[in-house]
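Please take a moment to look over the sequence and the structure shown here.

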8 protein chains.
Amino acid sequence: MPLVGVIMESVLDDPLVQDTTKVLEQMCIDFEVRVMSAHLTPELVHDYAQTARDRGLEVLIAAASGSAALAGALASTTTLPVIGIPMTSSELKGIDALMATAQMPPGVPVACMAVGSWGARNAGYYAAQILGLKYDIIRRAYEDYRRELRER
Amino acid sequence: MPLVGVIMESVLDDPLVQDTTKVLEQMCIDFEVRVMSAHLTPELVHDYAQTARDRGLEVLIAAASGSAALAGALASTTTLPVIGIPMTSSELKGIDALMATAQMPPGVPVACMAVGSWGARNAGYYAAQILGLKYDIIRRAYEDYRRELRER
Amino acid sequence: MPLVGVIMESVLDDPLVQDTTKVLEQMCIDFEVRVMSAHLTPELVHDYAQTARDRGLEVLIAAASGSAALAGALASTTTLPVIGIPMTSSELKGIDALMATAQMPPGVPVACMAVGSWGARNAGYYAAQILGLKYDIIRRAYEDYRRELRER
Amino acid sequence: MPLVGVIMESVLDDPLVQDTTKVLEQMCIDFEVRVMSAHLTPELVHDYAQTARDRGLEVLIAAASGSAALAGALASTTTLPVIGIPMTSSELKGIDALMATAQMPPGVPVACMAVGSWGARNAGYYAAQILGLKYDIIRRAYEDYRRELRER
Amino acid sequence: MPLVGVIMESVLDDPLVQDTTKVLEQMCIDFEVRVMSAHLTPELVHDYAQTARDRGLEVLIAAASGSAALAGALASTTTLPVIGIPMTSSELKGIDALMATAQMPPGVPVACMAVGSWGARNAGYYAAQILGLKYDIIRRAYEDYRRELRER
Amino acid sequence: MPLVGVIMESVLDDPLVQDTTKVLEQMCIDFEVRVMSAHLTPELVHDYAQTARDRGLEVLIAAASGSAALAGALASTTTLPVIGIPMTSSELKGIDALMATAQMPPGVPVACMAVGSWGARNAGYYAAQILGLKYDIIRRAYEDYRRELRER
Amino acid sequence: MPLVGVIMESVLDDPLVQDTTKVLEQMCIDFEVRVMSAHLTPELVHDYAQTARDRGLEVLIAAASGSAALAGALASTTTLPVIGIPMTSSELKGIDALMATAQMPPGVPVACMAVGSWGARNAGYYAAQILGLKYDIIRRAYEDYRRELRER
Amino acid sequence: MPLVGVIMESVLDDPLVQDTTKVLEQMCIDFEVRVMSAHLTPELVHDYAQTARDRGLEVLIAAASGSAALAGALASTTTLPVIGIPMTSSELKGIDALMATAQMPPGVPVACMAVGSWGARNAGYYAAQILGLKYDIIRRAYEDYRRELRER
């Protein structure tokens with residue numbers, strides 16, 4: 001049963017989102033991947049967020065560009081922690097998505113990661129840090145990875 | 001029966017939104033004002049947008065700051081034209097809201113106005129331009145205003 | 001008889017403007033395309049805007065980069081709604097055109113879309129939202145498109 | 001025993017950090033507050049981060065401005081989740097701290113909140129979302145708060 | 001007979017424009033001051049620019065904020081040199097007007113000065129440099145001023 | 001005898017500066033081209049500016065990137081009008097040079113053009129506008145060019 | 001005999017520059033303070049830089065805003081290390097001076113500090129770090145200061 | 001025995017860092033090169049900085065991108081002068097690293113160079129300027145280089 005839901009706005013974001021899912025695998029975290037858009041398919045997003053906790057999900061990761069409303073839309077409906085990855089596919093190349101993802105109003109936070117591929121990978125690691133508080137296997141996987149980083 | 005719905009994220013935005021409603025009055029446009037937030041009360045936003053056309057509304061105006069998802073959230077649910085006013089109450093003073101409002105993905109546009117009070121007033125005038133295509137009294141009110149601008 | 005006038009500053013913008021015209025076709029909207037520049041051929045722009053309403057046009061769409069004065073120049077002369085697309089051909093890649101298009105002074109609004117190809121497509125959809133208030137066939141075309149988006 | 005460590009660079013940040021601690025109290029979360037700086041007292045930061053997990057802390061919150069290295073310095077030493085609040089006390093008013101906080105390299109994420117007081121409050125709520133996965137009382141406190149937001 | 005026309009968008013800009021006119025007086029340059037707007041009174045702007053050379057004007061100075069189309073609108077109609085002062089009255093505080101003033105398309109230049117009061121004064125000095133090529137009294141006035149700067 | 005001095009920081013800028021010199025030829029303006037740098041060869045810049053007027057030059061054009069001090073260095077030494085072209089060869093791609101060129105302190109103006117090739121061409125046209133006040137052949141060349149633009 | 005020359009563009013910068021000189025005193029460094037401008041009094045700047053090393057100066061500190069050419073102008077004439085403080089007195093509030101100070105072309109570096117008062121103080125500390133390589137008393141003064149920071 | 005330590009975050013930065021080391025060779029400066037990261041291997045960074053002075057190093061050069069904490073982390077631990085090179089490998093292309101490198105808090109300065117390859121080379125030259133105060137051979141090497149620049 002997946003602990004993390006990874007949501008992208010468009011199938012075009014798939015290559016970057018694979019950076020996230022590779023990290024989740026490395027961190028021993030079960031996940032599911034969905035394509036839905038806060039602007040094009042808001043009901044899907046709403047239903048997904050609404051049922052996420054009951055379906056056993058514990059962290060949501062959302063990748064979006066431009067106005068980048070996806071992470072905020074999920075956060076507005078669930079009380080699970082949401083991690084946002086600002087993507088670069090708009091013509092402003094991610095500075096728009098960075099601001100839209102980070103500048104959430106008080107009460108409904110989103111954890112904003114770095115723009116693009118750095119953020120895509122870090123979304124996976126941040127999910128591991130959160131879930132590592134509860135699941136020893138995940139904590140150990142992340143600690144092993146950090147140890148390797150140091151030893152490399 | 002109101003033709004325009006003016007929606008603000010927070011009662012704190014009321015002074016700026018009065019710039020919009022004064023223009024709507026000057027343009028002979030009936031309107032209603034609501035306070036709701038894409039992030040704090042997403043169901044209210046969804047229901048409002050979903051029923052807007054059936055209730056006779058023809059244009060929606062949304063004022064929001066920071067991530068500024070309100071205009072986009074309305075646009076994702078209704079097919080009425082939505083006008084967005086980027087507000088300045090976040091610490092980034094509106095450049096964030098400008099990008100979040102303008103950079104909508106293809107398929108679900110928002111008409112982005114200028115940041116702050118300029119945009120608040122222009123949202124009213126733009127609604128008049130749109131509705132002026134259909135209602136002669138509104139078209140004439142806007143044309144009179146433009147004539148006065150020239151004569152002043 | 002065209003309802004929408006699509007104006008570009010230069011023939012070099014043609015590929016992006018085709019994103020707009022493809023959407024207008026999909027939305028069952030008759031349109032005309034013109035090349036003229038607020039800075040190089042201001043009289044053309046003035047005459048076009050001045051006669052636009054009488055010639056039956058109801059919405060103008062302007063694509064411009066850099067100082068991007070085209071949309072504002074049209075809006076200063078007509079009282080029809082104007083939609084602006086900030087283009088990316090200047091060395092500042094569209095952030096200049098975004099600000100120049102959005103930051104219109106009170107009284108003469110322009111509906112600013114996203115920078116580049118996202119905005120080019122959304123200009124067509126926004127025209128459909130405006131005209132859909134008056135023409136059922138256009139409203140239905142846009143609603144069908146939105147339904148498809150959801151079902152895809 | 002505190003679950004959350006709130007660290008600020010300087011006592012001057014105290015008023016904003018109280019926005020965080022008020023939220024933590026409202027969320028039924030025990031916390032401790034420390035003043036230390038990644039640049040002025042790096043050993044303190046290192047020791048704090050190194051012993052954080054063993055002392056029972058589960059989430060760290062760091063408020064910093066300008067180069068804003070505090071959150072990243074904590075994250076480089078602990079494997080606990082770190083939440084960063086970009087502060088506005090430098091002359092660039094927070095855009096510098098936003099980028100410095102969000103743009104972490106792959107492997108060592110920081111959850112970047114909004115600039116200034118919005119982010120200060122959201123750091124508290126995000127800590128509640130994370131800890132709510134493990135502690136029912138915290139989850140319920142945050143859900144109650146969200147319910148109130150909707151009902152207000 | 002005035003050699004320089006100083007045009008401002010709005011009477012609200014008068015205090016800053018007085019920085020320009022004080023310099024023009026100091027430089028022994030006759031000038032006239034007008035209030036007109038590229039967006040609100042485009043015909044006035046057009047007529048002013050069209051007749052400027054025949055009325056003996058040799059340099060135009062335009063102060064505008066936000067989309068800041070005034071200098072470009074003058075330049076599009078006259079072949080006299082136009083100097084643009086990016087003003088700060090929009091909520092983006094002049095970065096918008098700087099880009100809109102400087103980023104003119106090839107063929108129709110505007111000489112962009114610094115944002116705000118620095119630029120208001122330099123517009124006067126730049127007019128003196130241009131006119132000093134033709135009028136000895138103006139050249140000497142500017143050279144005297146520069147000598148004083150060095151001696152102060 | 002050249003009326004315009006075109007100065008570039010480095011031979012690498014030559015292709016863009018040819019955009020300027022082609023325009024000067026088209027405008028019937030004699031010019032000279034020099035390579036010198038405000039930072040690497042400041043004495044050359046100083047001597048060039050100091051003797052410019054006596055050698056018959058009437059306008060200086062400077063192309064520089066990054067800190068882009070060249071135009072300002074010339075303007076600090078001569079009282080001739082200086083036109084600055086912000087170049088794009090630094091890693092910040094011209095936004096740095098735009099600010100450095102435009103933001104001159106009161107007393108010593110530089111006429112800032114658009115970034116890159118647009119500005120390179122407009123520097124030539126602006127020189128023609130300035131010199132056209134004094135030389136009929138140049139005025140007519142620029143007026144002919146503008147007429148062609150309109151007729152094209 | 002002073003080791004450090006502190007140069008400001010204008011007496012208006014005096015309050016901020018006192019942040020620098022207070023640090024220099026605390027660091028046991030003899031200094032001199034001068035007011036001169038790269039744009040208004042370039043010969044002064046040139047002569048000052050040219051004779052600086054022979055007069056026993058070892059480090060130059062320059063505070064400037066806007067185009068902020070002062071530090072670069074000094075660096076172009078002396079081979080002593082130059083420290084630049086980007087000031088905030090232009091309407092762009094220091095982002096212009098930051099870029100102009102940092103983006104020096106290869107061969108003639110400037111050490112750019114933070115914008116405004118942070119940078120003013122750090123210019124003094126950086127001078128102490130440089131001079132501490134050669135003068136034990138200065139090295140110890142800076143090390144004492146750092147020790148105090150840690151102990152406070 | 002090396003006088004300068006050149007530290008890069010990742011082996012991927014090696015090509016740019018070679019711009020630095022080539023300059024150091026040209027300036028007759030012995031150096032060592034290390035790969036370590038403030039975020040991935042903070043202990044290495046700490047130990048390196050702590051022992052730097054005792055090992056005879058006199059200047060540290062750090063190249064980092066994104067949050068770019070490396071230079072600041074070194075500066076927080078050593079009292080040697082640190083030179084920071086903002087790199088471009090994050091998706092924000094160096095504007096993030098420029099701010100993170102320059103905006104250090106009072107007490108712990110970093111000398112920020114230009115973004116990317118300009119800065120990489122200038123880091124070498126700035127080290128030569130600093131060390132030239134103490135070592136005649138280095139001073140002469142830099143003075144020779146500057147003389148060549150002028151003569152070229």
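The coordinates come from a predicted model. Its scores are ipTM 0.98 and pTM 0.98. For chain A the mean pLDDT is 97, and 100% of its residues reach 70 or more. Such values matter to a reader because where pLDDT is low, the predicted coordinates should not be read in detail.

The arrangement of the chains comes next. Two copies of a chain are related by a rotation about an axis and a shift along it. Some pairs of chains, however, do not touch. Between chain A and chain E there is no contact, and their nearest C-alpha atoms are 16 Å apart. Chain D and chain E do not touch either, with their nearest C-alpha atoms 14 Å apart.

In chain A, helix α4 spans residues 95-102 and is mostly covered, since eight of its eight residues are buried. These buried residues are I95(A), D96(A), A97(A), L98(A), M99(A), A100(A), T101(A) and A102(A). What do the buried residues of α4(A) pack against? Within chain A, they pack against β3 (59-64), β4 (82-86) and β5 (111-112). They also pack against α4 (95-102) of chain B and α4 (95-102) of chain D.

A pair of such helices can be followed in chains F and G. Two packed helices are described by the angle between their axes and the distance between the axes. Helix α4 of chain F and helix α4 of chain G, each formed by residues 95-102, pack at an angle of about 105°, with their axes 9 Å apart. That angle makes α4(F) roughly perpendicular to α4(G). From α4(F), the residues I95(F), D96(F), M99(F) and A100(F) meet I95(G), D96(G), M99(G) and A100(G) of α4(G). The residues of this contact divide into six nonpolar, no polar and two charged. As background to the spacing of these positions, an α-helix has 3.6 residues a turn, so residues three or four places apart point the same way.

Most residues other than glycine have a negative phi, and most peptide bonds are trans. A68(C) has a phi near 50°, a positive value in a residue other than glycine. The loop between β3 (59-64) and α3 (70-77) of chain C holds A68(C), which counts as buried at 5% relative accessibility. C28(E) likewise has a positive phi, near 60°. C28(E) lies in the loop between α1 (14-26) and β2 (31-35) of chain E. Is C28(E) buried, exposed or partly exposed? Its relative accessibility is 43%, so C28(E) counts as partly exposed.

Finally, individual residues show how parts of the sequence come together. V23(D) belongs to helix α1 (residues 14-26) of chain D and, at 3% relative accessibility, counts as buried. In sequence V23(D) and N122(D) are 99 residues apart, while their C-alpha atoms are 8.3 Å apart in space. Leaving aside residues up to four places away in sequence, V23(D) touches R121(D), G124(D) and Y125(D).

E58(E) sits in the loop between α2 (42-52) and β3 (59-64) of chain E. With a relative accessible area of 9%, E58(E) is buried. E58(E) and L80(E) are 22 residues apart in sequence and 6.1 Å apart in space, C-alpha to C-alpha. Among the residues that E58(E) touches are L80(E), P81(E) and L133(F).

R34(G) is part of strand β2 (residues 31-35) of chain G and counts as partly exposed at 32% relative accessibility. The C-alpha atoms of R34(G) and V11(G) are separated by 9.3 Å, the two residues being 23 residues apart along the chain. The contacts of R34(G) include V6(G), I7(G), M8(G), Y48(G) and R55(G).

Notes: Residues are numbered from 1 along each chain as its sequence is written. Chains are lettered from A and ligands numbered from 1 in the order in which they are written. This is a predicted model: local features need pLDDT of at least 70, side-chain atom pairs count only at pLDDT 80 or more; totals for chains, interfaces and linings use all residues. Side-chain values use heavy atoms; hydrogens and water are left out. Buried means under 20% relative accessible area, exposed over 50%, partly exposed in between (1.4 Å probe, protein chains only). Helices (H or I, at least four residues) and strands (E, at least two) are DSSP runs, numbered from the N terminus. Contact means heavy atoms within 4.5 Å. Axes are lines fitted to C-alpha atoms, for helices over the stretch in contact, and angles run from 0 to 180 degrees between N-to-C directions. Angles under 35 degrees count as roughly parallel, over 145 as roughly antiparallel, 65 to 115 as roughly perpendicular and the rest as oblique. Ala, Val, Leu, Ile, Met, Phe, Trp, Tyr, Cys and Pro count as nonpolar, Asp, Glu, Lys and Arg as charged, and the others, Gly among them, as polar. pLDDT is the predictor's confidence in each residue, from 0 to 100.
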